Amino acid sequence: MSTSQIAFLKGHGTENDFVIVPDPDNAIDLPASAVARLCDRRAGIGGDGLLHVVRSAAHPEARAMADEAEWFMDYRNADGSIAEMCGNGVRVFAGYLQRAGHAEAGDLAVATRGGVKKVHLAKDGSITVSMGRALLPADGVTVSVGGRSWEARNVNMGNPHAVAFVDDLAYAGDLLSVPPYSPASVYPEGVNIEFVVDRGPRHVAMRVHERGSGETRSCGTGACAVAVAAARRDGADPARTGTPVTYTVDLPGGTLVITERPDGGIEMTGPAVIVAEGLLDAAWFDAPTD
């Protein structure tokens, strides 16, 4: 469609960065090709993904959630594909809503394709997201890189994850392409793959290949999946003990704190930063792609 200038912002959560496109009425056409151009780090703005900010009542995929959450995070991967959820993205999305005057410090509900997420905006600037419950399907996969192989734990946080514990994060390789895994049938729509090492008691570090984006500096749902997988590996299950379990997860872009509660709810706490805002050039945005 022909457009006038389109407002955008750029933000990140532990250096997992996003192009933010405010569009309350869902009036902007964002096909996969346009999203990929916007997320291109050389020819566009650059980002691990795009946050399309839409009122829930204006989006066909979110209207059923409009009574619970005014705003819908229409999240896209860097290649333009649609994703169910993005934990760092939710924090940045909430940070944008607060900056724009759509939310205040305190509690906030955000609609996503992975359901309605509860967010708490603290006065110190940190943001806690209730990420829902983890599902732990029995079928896992074997992940292989550079002649090494590891059994990976299947964890679903509204999107799929395969968590592999390794001795050295360098064993993950360059993560430019999807690490081979089998059987492929376990993840018919692809998977986020985390490689994890121990740093201390209930303290781990990770690298991740995100489905549709390659290696990213951080992944919120991935950090939650890693914390749950580490807890089970360590024999901790809050549902059985009645005691919350908290893990510190170091990522290349920063640190997230993940708590799993006895009711199964998982909370993720970390920063969100808005670094820039501006206007897209309409001619560039409307130009046909090859």
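Modeller: A polar contact is a pair of N or O atoms within 3.5 Å; within protein, one must be able to donate a hydrogen and the other to accept it. The model here is predicted.

Colleague: How far does the backbone oxygen of Gly-115 lie from a polar atom of the side chain of Thr-112?
Modeller: Thr-112 lies in strand β5, residues 106–112. Its side chain has a polar atom 2.9 Å from the backbone nitrogen of Gly-114. The cut-off for a polar contact is 3.5 Å. For the backbone oxygen of Gly-115, the distance is 2.7 Å.

Colleague: Is Thr-112 buried or exposed?
Modeller: Leave aside residues up to four places away in sequence: Thr-112 then touches Met-65, Phe-72, Met-73, Glu-84, Met-85, Val-90 and Lys-117. Buried means under 20% relative accessible area. Thr-112 has 0%, so it counts as buried.

Colleague: What separates the C-alpha atoms of Thr-112 and Leu-50?
Modeller: Along the chain, the two residues are 62 residues apart.

Colleague: Which residues are linked with Asp-17 in a network of salt bridges?
Modeller: Asp-17 is found in strand β2. It is buried, at a relative accessible area of 10%. Its side chain makes a polar contact with that of Lys-10, at 3.2 Å. The salt-bridge network joins Asp-17 with Lys-10, Arg-41 and Asp-48.

Colleague: Which residues does Asp-17 touch, not counting those up to four places away in sequence?
Modeller: Contact needs heavy atoms within 4.5 Å. Some of the residues touched belong to the salt-bridge network: Lys-10, Arg-41 and Asp-48.

Colleague: How many salt bridges does the count come to?
Modeller: The rule asks for a side-chain nitrogen of Lys or Arg within 4 Å of a carboxyl oxygen of Asp or Glu. Asp-237 and Arg-232 qualify, with their closest N and O atoms 3.6 Å apart. By this rule, the count is 17.

Colleague: How many residues apart in sequence are the parts that Arg-217 and Glu-15 tie together?
Modeller: The two side chains meet in a salt bridge at 2.8 Å, N to O. Arg-217 lies in the loop between β14 (214–215) and α3 (220–233), and Glu-15 in the loop between β1 (6–13) and β2, so the parts tied together are apart in sequence by 202 residues.

Colleague: How does Asp-237 count by relative accessibility: buried or exposed?
Modeller: Glu-15 has 36% and counts as partly exposed, and Glu-267 is partly exposed at 23%. The buried class ends under 20%. Asp-237 has 17%, so it counts as buried.

Colleague: How far apart are the closest N and O atoms of Arg-261 and Glu-267?
Modeller: Arg-261 counts as partly exposed, at 33%. Glu-267 is partly exposed too, at 23%. They form a salt bridge, and its closest N and O atoms are apart by 3.0 Å.

Colleague: How many aromatic pairs does a search of the whole structure find?
Modeller: Ring centres must lie within 6.5 Å to pair. The search of the whole structure gives a total of three.

Colleague: Are the rings of Phe-18 and Tyr-75 stacked or edge-to-face?
Modeller: Phe-18 is in strand β2 and Tyr-75 in strand β4, 57 residues apart. Both are buried. Their ring centres are 6.0 Å apart and their planes are at 75°, so the pair is edge-to-face.

Colleague: At what angle are the ring planes of Trp-150 and Phe-195?
Modeller: This pair links strand β9 (residues 148–156) and strand β12 (residues 192–200), 45 residues apart. Trp-150 counts as buried at 12%, and Phe-195 is buried at 0%. The ring centres are 5.9 Å apart, the pair is edge-to-face, and the planes are at 80°.

Colleague: The charged end of Arg-148 sits over which ring?
Modeller: To count, CZ of Arg must be within 6 Å of the ring centre and within 35 degrees of the ring normal. Arg-148 sits 3.6 Å from the centre, and the ring belongs to Tyr-171.

Colleague: Over the face of which residue does Arg-37 lie?
Modeller: Arg-37 is in helix α1, where the buried residues are Ala-34, Val-35, Arg-37, Leu-38 and Cys-39. Cover for them includes β2, β3 (49–55), β4 (71–77), β18 (273–280) and α5 (282–286). At 4.2 Å from the ring centre, Arg-37 lies over the face of Trp-284.

Terms used: Residues are numbered from 1 along each chain as its sequence is written. This is a predicted model: local features need pLDDT of at least 70, side-chain atom pairs count only at pLDDT 80 or more; totals for chains, interfaces and linings use all residues. Side-chain values use heavy atoms; hydrogens and water are left out. Buried means under 20% relative accessible area, exposed over 50%, partly exposed in between (1.4 Å probe, protein chains only). Helices (H or I, at least four residues) and strands (E, at least two) are DSSP runs, numbered from the N terminus. Rings of Phe, Tyr and Trp (its six-membered ring) pair if their centres lie within 6.5 Å; planes under 30 degrees apart count as stacked, over 60 as edge-to-face and the rest as tilted.
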